[in-house]
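Here is a friendly walk through one protein model, from its domains and core to its metal site. Please keep the structure open beside the text as you read.

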Amino acid sequence: MRKLQKENRYALSRTDVDLIIEHAHQLITAKGFTQRPAKGPEMEELGILQDGAVAIHNGRIVAVSKTDEILSTCEARERIDATGKIVTPGLIDAHTHFVFAGSRESELELKIKGASYLEILQKGGGILRTVRDTRSASKEELLQTCRQRVESLLVHGTTTIEAKSGYGLSLQDEIKSLEVINSLNHEGPLTLIPTFLGAHAIPTEFDGRVGEYIDLIIADWLPKISERHLARFSDVFCEKGVFEIDDSRRLLLAGKRLGLMPRIHADELYPLGGAELAAEVEAVSADHLLFASDLGIERMKQAGVIATLLPAAPLTLMLDRYADARKFIAHGVPVALGSDLSPSCWIENEQLVIGLACYKLKMTPAEAIMAVTINAAHSIQEASEIGSLEIGKKADITIFNVKDYRFLGYRLGMNMAETVIKNGKVAVDDGHLA
Ligand code: ZN
């Protein structure tokens, strides 16, 4: 390094930088949508630079241009050759149920035999089983389990996730889950944005007393979680027979008054009016939306609510219905994507989510890539920092060993991520943790 610095004295016009990624066959910048998400036809504006390069210094992007231009103006301590590869903003997963203990592989067979999600739940399976497992795990055990999950996400090219609590369903266990998320975020390198989802299911001790459970969350849990800054968002599983519109509304508004921005599981299994509620409470994001009404979609557009669609969810629930992504895009509602990573939808490879968005939601590969980068950043209120390759943003970057961005939708189930840069440092090298 000393030798390099000495040589630089003779290259007075060039700026010293930490790292240059150069000669990308396609550098996907997703630029121009930091102030507001891409919508309508903008969702295909990937901002591709052929033979592109990115210069990184102190963890931030300091230049984005053609390779010859970058190399004539910057001198790097380290260079990565991306010849024949594509370079994208680090993938962002805008909806995960990241903190859980145990697993539910036996429910796959029940689902195959025709049991529905709500039937499994009513028999004490589903979420309630994971709640039992998560409650009995210590914080240290949960941390260890989740650390492995962090590594897997990074290796697959994801650099930031939204992470929900929601398998504790008691104050103590919800706080434990949020603390795990915050600890892992502090540890790095993956960024985790915490969401409080105490209203994920009705805990068995509140059977038949949904209103009282919501009262308790509003009166006691939300103030404590807000006071300790444990979550950025407050979320609710707004669904027929679980938390219906009135309970969801008062919960989200109570959170909002305490500074927890609303997001909502809306109209996943039944047309309940979740999309309309999302607009009414000015939620940052409404998620799932398989049964969103036309009125709900129009109101979401007017209120600026992002539609975060989760194509792996109906797949793993064995539903034939998927969210109508084309309708949201045609109406000018910005679309983001998430994995819905959870014990019932265990998917750690966001590249597969892009593929499912193409094949099941009829999104184009370009739209799907915008939906897991800049629009996903908006969905978690991080667009000023991440989601595109633009000067000043955090250097969160994934290099895929494919020659064209369309491979991300086209080649299914593979891990095409080769190198992952997080905050300007190599986190994954040649497919392995650095
Ligand atoms: Zn969810």
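A residue is called buried when its relative accessible area is under 20%, exposed when over 50%, and partly exposed in between, using a 1.4 Å probe and protein chains only. By that scale Glu119 is partly exposed, with a relative accessible area of 39%. The model is predicted, so local features need pLDDT of at least 70 and side-chain atom pairs count only at pLDDT 80 or more, while totals for chains, interfaces and linings use all residues. Residues are numbered from 1 along each chain as its sequence is written, and side-chain values use heavy atoms, with hydrogens and water left out.

Glu119 sits in helix α4 (residues 117-122); helices (H or I, at least four residues) and strands (E, at least two) are DSSP runs, numbered from the N terminus. Its C-alpha atom is 44 Å from that of Ala434, 315 residues apart along the chain. The C-alpha atoms of Lys425 and Leu19 are 406 residues apart along the chain, yet separated by 8.6 Å.

The table sets out the accessibility of some residues discussed here.

| Residue | Relative accessible area | Class |
|---|---|---|
| His97 | 3% | buried |
| Asp340 | 8% | buried |
| Thr160 | 1% | buried |
| Glu119 | 39% | partly exposed |
| Lys425 | 62% | exposed |

Now to the domains. The protein is divided into domain 1 (3-89 + 388-433) and domain 2 (91-379), with bounds that come from an automatic or database domain assignment. Taken over C-alpha atoms, the two domain centres are 30 Å apart. Their contact (heavy atoms within 4.5 Å) takes 41 residues from domain 1 and 35 residues from domain 2.

Which residues touch the most other members of the largest nonpolar core? In this core of 123 residues they are Phe98, Phe243, Ile264, Leu289, Leu337 and Met363. A nonpolar core here is a set of buried Ala, Val, Leu, Ile, Met, Phe, Trp, Tyr and Cys residues joined through side-chain atoms within 4.5 Å. Both domain 1 and domain 2 give residues to this core, so it lies between them. Apart from it lies another core, of 15 residues, including Leu27, Ile61, Ala82 and Ile399. Not counting residues up to four places away in sequence, Met363 touches Met43, Arg326, Leu337 and Cys358, among others.

Next comes the metal site. His95 (NE2), His97 (NE2), His265 (NE2) and Asp340 (OD) coordinate the zinc ion at 2.0 to 2.8 Å. Donors are N, O and S atoms within 2.8 Å of the metal (3.2 Å for Na, K and Ca), and water is not among the atoms, so sites may look incomplete. In sequence the donor residues follow the spacing H-x1-H-x167-H-x74-D. His97 lies in the loop between β6 (91-93) and α3 (106-112), and Asp340 in the loop between β13 (335-337) and α14 (350-361), so the pair ties together parts that are 243 residues apart in sequence.

Finally, Thr160 belongs to strand β7 (residues 158-164). Leaving aside neighbours within four places in sequence, its contacts include Leu91, Asp93, Thr191, Asp396 and Lys422. Strand β7 is also part of what covers the buried residues of α7, together with elements including α5 (127-136) and α8 (210-227). Among those buried residues are Leu171, Glu174, Leu178 and Ile181. Just after α7, Gly188 takes a positive phi of about 70°.
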